[in-house]
Amino acid sequence: MLTLVAAVQDTMPTRGTSGAPYSVMKERKSTQAGLPAAEQQQAPSPVDFMSWSKTVQYQTQVVLHQILELEDERHLDPAWNKVLEQVRSYSLRPSKRIRPALVLVGYALGRGDTRAPSGLWRFAAATELLHTFMLIHDDVADQADTRRGGAALHKMLGEGRLGENLAIVIGDHLYGRSLEVMLGCNLPEADVATRYFLKVCRYTAAGQYMDIRLPHQPLSELSIYHALRVAYLKTALYGFTAPLVCGAMLAGSDPEIINKLERFGRYVGTAYQLRDDLLGLYGQSSVVGKPTDSDLAQGKRTFPLLAAYLRATPEARQEMETLCIPGPKDETMLQRARELVEAHGGRGATERLIERSTNAAARILQTLPEAGGLKQMLRDLLQMLMIREA
């Protein structure tokens with residue numbers, strides 16, 4: 001066991017040995033290309049959220065690199081070996097790694113202290129690998145060109161349908177690997193936590209189904225509750241509630257704590273998705289890391305859009321229906337859509353709901369254990385999500 005504040009000194013079995021531990025501090029001198037540089041020093045206190053999150057990002061990178069080194073597959077096919085190198089590079093692109101961080105936080109809050117076993121890092125990294133699988137499939141469905149500042153995986157693997165088919169297969173492979181790691185993390189409640197995460201994945205599929213289907217319905221047939229349901233199923237439940245709850249389950253937490261974490265994650269995740277909706281309209285692609293016109297091009301029925309439609313004049317509604325038909329949009333059309341959402345209160349309504357959701361999460365946070373400063377770190381997280389630009 002070790003503390004989260006000394007996370008970079010975690011120990012894990014060395015690949016190819018019978019389980020003898022090694023220090024990740026030493027691994028920093030010999031990790032392979034693709035991992036970020038990091039100074040050899042004690043991890044910061046969790047009350048410094050930005051520094052703590054960078055430590056989590058680094059450690060997640062280390063563990064992801066390890067679990068993507070699949071010696072048993074090296075003999076399968078030379079072409080497969082080559083694509084696995086591309087997949088590793090894609091999976092290790094810089095990212096916020098929010099899910100692994102929340103697994104660690106849920107575990108600490110469930111225990112009431114910041115000690116964490118090495119198996120917890122593997123489970124946490126596996127949630128990120130599962131997220132990568134979902135991103136790959138989402139990008140195929142959304143016909144996205146970029147992801148995390150680089151080409152989407154289906155664009156890396158081939159042109160047109162070939163690249164899409166190969167990306168879907170790679171996503172399936174990562175799905176299998178992530179479950180293998182979750183169930184093999186050697187924590188007593190791993191099977192319970194994994195089953196919970198898989199149930200959430202089923203709900204996420206329902207949210208993704210709605211997200212793809214709704215653009216083919218007129219705005220007049222929808223309400224803001226459709227957008228909120230998608231936000232809950234596709235983002236809040238999967239991206240925030242599940243990792244927090246799984247972390248607490250792995251700690252053998254009291255059911256009351258788990259219930260509070262479920263509610264906290266729901267509010268935080270809703271605020272996160274609503275901010276994402278605004279960035280999809282008003283963000284800068286160079287900062288966000290993906291095109292900010294894709295929501296409109298796909299005709300997505302986001303909360304800002306539906307909130308504006310609800311308040312718009314009949315003439316503006318007709319214009320919005322036309323602008324939100326799925327298909328390519330030029331800059332003039334994009335700018336007009338932004339103006340209509342702004343003028344009819346969609347942006348303001350979204351900002352207010354972000355604030356209410358964040359305040360509700362903060363109230364739940366007050367009732368959670370201190371757990372070595374993690375409550376303050378979560379307060380910092382809430383503040384960051386309120387003002388984030390990516």
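Predicted model: local features only at pLDDT ≥ 70, side-chain atom pairs only at ≥ 80, totals over all residues.
Is K155 buried, partly exposed or exposed? K155 counts as partly exposed, at 44% relative accessibility.

**Salt bridges**

The whole structure holds 18 salt bridges. One of them joins D145 to K155. The pair links distant parts of the chain, ten residues apart. D145 sits in the loop between α5 and β5 (146-147), and K155 sits in helix α6 (residues 153-157). D145 is partly exposed too, with a relative accessible area of 43%.

K234 and D211 also pair through their side chains. K234 belongs to helix α9 and D211 to helix α8, so the bridge ties together parts 23 residues apart in sequence. Here both partners are buried: K234 has a relative accessible area of 17%, and D211 has 13%. These two residues are also part of a network of salt bridges that links D142, D211, K234 and K300.

R336 and E319 form a further bridge. R336 is in helix α15 (residues 331-343) and E319 in helix α14 (residues 314-323), so parts 17 residues apart in sequence are tied together. R336 is partly exposed at 32% relative accessible area, and E319 is partly exposed at 28%.

| Salt bridge | Closest N to O |
|---|---|
| D145 and K155 | 3.5 Å |
| R336 and E319 | 2.7 Å |

**Helix packing**

Helix α3 (residues 78-91) packs on helix α7 (residues 160-183) at an angle of about 75 degrees. Their axes are 12 Å apart. The two helices are therefore roughly perpendicular to each other. From α3 the contact uses W80, V83, L84, V87 and S91. From α7 it uses I170, H173 and L174. Six of these residues are nonpolar, two are polar and none is charged.

**Nonpolar cores**

I170 returns in the largest nonpolar core, which has 79 residues. I170, F264 and L378 have the most contacts inside this core. Helix α5 (residues 118-142) gives the most to it, with 13 residues. L378 touches L102, V105, L109, F264 and L365, leaving aside residues up to four places away in sequence. A second, separate core has 30 residues, including L219, A227, L281 and M320.

**A buried loop residue**

L222 lies in the loop between α8 (190-213) and α9 (224-250). L222 is buried, with a relative accessible area of 11%. Beyond residues up to four places away in sequence, L222 touches L214, Q217, R301 and L306. L222 and R301 are 79 residues apart in sequence, yet their C-alpha atoms are 8.4 Å apart in space.

Note on methods. Residues numbered from 1 in each chain as written. Heavy atoms only, no water. Axes fitted to C-alpha atoms, helices over the stretch in contact; angles between N-to-C directions. Helix = DSSP H or I, 4+ residues; strand = E, 2+ residues; numbered from the N terminus. Parallel < 35°, antiparallel > 145°, perpendicular 65-115°, else oblique. Contact = heavy atoms within 4.5 Å. Nonpolar A, V, L, I, M, F, W, Y, C, P; charged D, E, K, R; others polar. Core = buried A, V, L, I, M, F, W, Y, C linked by side-chain atoms within 4.5 Å. Buried < 20%, exposed > 50% of the residue type's maximum accessible area, 1.4 Å probe, protein only. Salt bridge = Lys/Arg side-chain N within 4 Å of Asp/Glu carboxyl O.
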